[in-house]
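Colleague: I'm new to this one. Can you walk me through the fold?

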Amino acid sequence: MIDAYAVKDVYAAEEVLLAALPEGELMARAVAGLAEVARVRLEQEGGTRVVALVGPGNNGADAMYAAARLAGRGFASAAIYLADRVHQGALSSAIAAGVVLKPITPDSPADAVDRFLDEADLVIDGIVGIGGRPGLPEFAQPWVAAIPDDAYVLAVDLPSGQDPMGDAADACGVWADETVTFSAAKPVHLSPATEPACGMLTVIDIGLDLAADIGPEQAAVRRVERADAARLWPVPGPRDDKYSRGVVGVIAGGENYTGAAVLAVTAAANAGAGMVRYVGTPTPDALVRAAVPEAVHGVGQVQAWVVGPGLDVKARHAGAKAQLDAAREALAGDAPVVVDAGGLDLISGHRAAPTLLTPHAGECARLLSRLRGTQVTRSDVAHHPLPFARELADRTGATVLLKGAWTIVTRADGPAYSQNDAPSWLATAGAGDVLAGLLGTLLAAGLDPLDAGALGALVHGLAADRANPGGPVRARAVADALPAVIADLLRS
C-alpha cells in the first residue's frame with residue numbers, strides 16, 4: 001500500500017522529529033538523498049551540467065545545497081535564485097563549492113536565466129515546496145519557460161506550481177521527469193490531476209515514520225498495490241459453499257445493449273462469485289444462458305446487486321418494465337449495490353445500505369447536475385476529479401468509483417484511493433461492464449465498498465494488461481483474463 005499524507009500532517013510529524021535532532025540534521029538528510037539521486041541520474045544520462053532553480057523556502061535550500069554537493073563531485077553546477085530571498089547557509093555552501101551563481105533582482109531582464117539553462121543536462125526544481133499555493137509564482141515563470149526540452153527535470157517534493165493536495169494541475173507549472181520527496185508520498189504524487197506532472201516518484205527516508213506516528217488510516221490518498229491483493233481478496237475456505245462465498249445479482253443489459261449483460265455476468269463468474277443471478281430482458285437473457293450456463297435467472301436472494309450496465313430506464317421493450325422494477329427494488333433494499341451506467345439515472349439521494357457508484361466523468365457530471373440543480377460539465381470533473389468525486393459521495397452517502405485513466409475511489413471524508421494500473425488500451429466499450437461485475441463479486445463476498453473499489457480497479461487493470469500486453473484489448477478478453485490474474489496475485 002502506498003499512503004500519501006496531507007501537508008499539515010507531514011509538518012506536524014516533522015516538528016516532533018526536529019525537536020529530537022541537532023539543528024540542521026533533517027535538512028542534511030534530505031539534501032544527501034536528493035544529491036545522490038541527482039548524481040545517479042546524471043551518470044545514467046551521461047550528463048555533466050546541473051542547474052538548480054532555487055526558491056525562497058526550504059526546498060530552494062535543498063536544491064542549492066544539492067548543487068554544492070554535486071559541484072564537489074566534479075559536476076558543473078549553477079544556481080538561479082532570488083537575490084534578496086535565499087537561505088544563507090545554502091548560499092555560503094554553494095559559494096565555497098564553486099557553484100556558478102545567478103542572483104535575480106527586480107531589474108534583471110526576462111531572459112537573464114536563458115544562458116544558464118541552455119546547456120543544462122539536469123535541472124533541480126526547488127522553486128516551491130509542499131507548503132506553497134497552487135500555481136507557479138510570477139518570478140519563476142521565465143525560469144520554467146527556459147528549461148531545455150531535453151534536460152532531465154528533478155523536482156524537490158513536488159513540481160513547482162502543482163497543487164500539493166492534487167486537486168488540479170497547472171499546465172504552466174513544472175512537469176518533472178522525476179520527483180524526489182521525503183519520508184512519504186503526498187496527495188500531489190498520487191492524485192490523477194497532478195501525478196502525471198510528477199514523473200517517477202522517489203521517496204527518501206529521512207527518519208520520519210508517518211505510518212507509525214500518524215497511522216495509515218490518516219492518509220489522505222492511498223494506492224493498493226499487487227502485494228496487497230492476497231491480503232484483501234476473499235478466498236474461500238474448506239467449509240464455504242456457493243452461498244457463503246456470495247451470490248451476485250446482475251440487473252443489466254436490454255434489447256438495445258445486449259452485450260453489457262454478458263460482460264457483467266461473465267466478469268462476476270470469473271472473479272469467483274459463488275453464484276451469479278441474472279435479471280434481464282429476453283435477448284440478453286438468452287445470450288447469458290449461452291455464454292454463462294452456470295448463471296441462474298430471475299429475481300431471488302443475493303448478497304449484492306449490480307444494477308445498471310447497459311440498462312435503459314426509458315426502454316419499452318418486452319421485459320423492460322419488469323427489469324426496471326427489479327432494479328428499483330434492489331436499490332430500495334438493504335443489500336449492497338454496485339450502481340453503474342443506466343442505474344445512475346435511478347439515484348435520487350442517500351441510500352442507507354452499502355453502495356458503490358461507478359460513473360465516468362460525463363455520468364458524474366450529469367448526476368451532480370441533477371442533484372445540485374446547477375450545471376456541472378464533463379470537463380469540470382475531468383480537470384478536478386477528486387473534489388467532484390467527493391461531492392458526489394457526500395450528496396449520495398455512497399462510495400464513488402470515478403472511472404478514468406486514473407480511477408478514484410472515495411467517500412465523502414477519509415482517505416481516497418487513486419489507482420493507475422490499467423493500460424490506455426482499456427479505454428474501450430464494455431470495459432466498465434466488466435468492472436461492474438467484478439466489483440459485485442467483491443461486495444457479495446463482504447468487502448467494504450471502498451476496499452472493493454480499489455482492489456477491483458487494480459485487478460481490472462492487470463487483467464487488461466494480461467489480455468494483450470502492449471496492444472488492443474477487447475472487454476470480453478479482460479473478463480476472461482480475471483481468473484489467471486487473481487490466481488497470480490494470490491500466489492505472490
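What follows is a short chat about the model, from the whole chain down to single residues.

Modeller: First, a caution: this is a predicted model, where local features need pLDDT of at least 70, side-chain atom pairs count only at pLDDT 80 or more, and totals for chains, interfaces and linings use all residues. Residues are numbered from 1 along each chain as its sequence is written, and side-chain values use heavy atoms, with hydrogens and water left out.

Colleague: Fine. How many helices and strands does the protein have?

Modeller: There are 20 helices and 18 strands. Both are DSSP runs, numbered from the N terminus: helices are H or I with at least four residues, strands E with at least two.

Colleague: And what box do the C-alpha atoms fill?

Modeller: Roughly 80 × 50 × 40 Å, taken along the principal axes.

Colleague: What share of the residues is buried?

Modeller: 55% of the 492 residues. Buried means under 20% relative accessible area, exposed over 50%, and partly exposed in between, with a 1.4 Å probe and protein chains only.

Colleague: What about contacts between residues at least 6 apart in sequence? How many join residues at least 24 apart?

Modeller: 68% of them. Contact means heavy atoms within 4.5 Å.

Colleague: Let's do sheets. What is the strand order in the open sheet of 11 strands?

Modeller: The order is S1-S9-S18-S17-S16-S15-S14-S13-S10-S11-S12, with mixed pairing. Two strands pair if DSSP finds at least two bridges between them.

Colleague: Which strands stand at the edges?

Modeller: S1 (2–4) and S12 (296–297). Each has a single partner strand, so one side of each is left without a neighbour in the sheet.

Colleague: How does S12 pair with S11?

Modeller: S11 (residues 275–279) and S12 are parallel, over 2 bridges. Tyr278 stands opposite His297 of S12.

Colleague: What does Thr281 touch?

Modeller: Leaving out residues up to four places away in sequence, Thr281 touches Gly254, Glu255, Ala318, Gly319, Ala320 and Gln323.

Colleague: Back to the sheet. Which way do the residues of S18 point?

Modeller: Ala416 and Ser418 point one way from S18 (residues 416–419), while Tyr417 and Gln419 point the other way. All four are buried. In a regular strand the side chains alternate between the two faces of the sheet.

Colleague: Who are the neighbours of S18?

Modeller: On one pairing, S9 (residues 221–223) runs parallel to S18, joined by 2 bridges. Arg222 stands opposite Tyr417 there. S17 (residues 407–410) pairs with S18 in the antiparallel sense over 3 bridges. Ile408 has Ser418 as its bridge partner.

Colleague: Which residue in the hairpin of S17 and S18 takes a positive phi?

Modeller: Gly414, with phi near 85 degrees. The hairpin has 5 residues between the strands.

Colleague: New topic: S3. Buried or exposed?

Modeller: Strand S3 (residues 76–82) is mostly covered, with 6 of its 7 residues buried. S3 pairs in the parallel sense with S2 (residues 49–54) over 6 bridges. Val54 stands opposite Tyr81 of S3. From S2 the chain crosses through helix H3 (residues 58–72) to S3, in a right-handed β-α-β crossover. Right-handed here means that, with the strands pointing away from the viewer, the path from the first strand over the helix to the second runs clockwise.

Colleague: And what joins S3 to S4?

Modeller: 5 bridges, and S3 and S4 (residues 100–104) run parallel. Ile80 has Lys102 of S4 as its bridge partner. S3, helix H4 (residues 88–97) and S4 make a right-handed β-α-β unit.

Colleague: Last one, helix packing. At what angle do H18 and H19 pack?

Modeller: H18 (residues 431–444) and H19 (residues 449–467) pack at about 135 degrees, with their axes 9 Å apart. Axes are lines fitted to C-alpha atoms, for helices over the stretch in contact, and angles run from 0 to 180 degrees between N-to-C directions. H18 and H19 are therefore oblique to each other. Angles under 35 degrees count as roughly parallel, over 145 as roughly antiparallel, 65 to 115 as roughly perpendicular and the rest as oblique.

Colleague: Which residues make the contact?

Modeller: Among them are Val434, Leu438 and Leu442 of H18, and Ala452, Leu455 and Val459 of H19.
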